[in-house]
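Subject: Structure for you, with notes

Dear colleague,

Here is the structure I said I would pass on. My notes on it follow below.

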Amino acid sequence: MDYSYLNQLYYHYMKHFLRIFCVFSTLLCAFHPANAQSKVGYINFEQLVTLMPESAAASTQLEAYRKSFNDQASTIAADIESKSNILQQSRSTMSDEARMASEQQIQILSQQLQQLQSTAQQSVRAKADELRAPIVAKAKAAIAAAAADGGYTLVLNISENDVIVGSPNDNLLSATKAKLGIQ
């Protein structure tokens, strides 16, 4: 299964989330009383989402959706190739009007193919967003529950960066997987 598109989409959203998170963390630290104890945990959010059974199902659905566009594009491309071959073989015996009509048909089919590819890209991106949204929401809810159970006031996502210093006890992946019923 190809998770590359979901990963790209995830990283796009996570960059924005990380910026907001950094600002929020800075403000939280600046205005938090010095004597209060904060417990910070971490989790690899992308790994968690990938482990969720819903991700595999969403990936399968997305691949089927993408395949429907690819099948349409293949049909148009085969039609273009067929018409081009006929034009090449019959060019010497065709009248100018027939040749121009054939070339125009090929050009129209090429434009249809380009439009289909553009539409497909936008539609697949929208479908991926639609399929990923409930998975992300469920993962975030499970993380929040695991953090509350462990007394964590802050949970960092380490999908893009590794923790340089951190206790394995502060990694919430196992606790969150348990909340989701994942082995």
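In the protein chain, 88% of the contacts with a separation of 6 or more are between residues 24 or more positions apart. Please keep in mind that this is a predicted model.

Overall layout

The protein chain has five helices and two strands, arranged along the sequence as α-β-α-α-α-β-α. It runs to 183 residues, of which 29% count as buried.

Helix 3 has 38 residues and covers residues 53-90. From first C-alpha to last, helix 3 reaches 55 Å, close to the 56 Å expected at 1.5 Å a residue. Its buried residues are Ser55, Ala58, Ser59, Leu62, Arg66, Phe69, Ala73, Ile76, Ile80 and Leu87.

Helix 4 takes in residues 96-150, which is 55 residues. Its span between the first and last C-alpha is 79 Å, close to the expected 81 Å. There is a bend of about 30° in helix 4 at Arg132, and a proline, Pro134, follows within four residues. After helix 4 comes Gly151, with a positive phi near 75°.

Ser59 is in helix 3 and counts as buried because its relative accessible area, 4%, is under 20%. The C-alpha of Ser59 lies 8.3 Å from that of Ala128, although 69 residues separate the two in sequence. Val124, in helix 4, is also buried, with a relative accessible area of 7%. Between the C-alpha atoms of Val124 and Phe69 the distance is 9.0 Å, for a separation of 55 residues along the chain.

Aromatic rings and charges

The structure holds one aromatic pair. Its members are Tyr65 and Phe69, in an edge-to-face arrangement with 5.2 Å centre to centre and 85° between the planes. Both residues belong to helix 3 and are four residues apart, about one turn of the helix.

Thr176

Thr176 is placed in helix 5, residues 173-180. Its relative accessibility is 0%, so Thr176 counts as buried. Which residues is Thr176 in contact with, leaving aside its neighbours within four places in sequence? They are Ile43, Leu48, Ala139, Ala142, Ile143 and Ala146. Among them, Ala139, Ala142, Ile143 and Ala146 fall within the residue range of helix 4, 96-150.

Regards

Technical notes. Residues numbered from 1 in each chain as written. Predicted model: local features only at pLDDT ≥ 70, side-chain atom pairs only at ≥ 80, totals over all residues. Heavy atoms only, no water. Phe/Tyr/Trp six-rings, centres within 6.5 Å; stacked < 30°, edge-to-face > 60°. Expected span 1.5 Å × (residues − 1). Bend = angle between axes of the 7 residues up to and from the residue. Buried < 20%, exposed > 50% of the residue type's maximum accessible area, 1.4 Å probe, protein only. Contact = heavy atoms within 4.5 Å.
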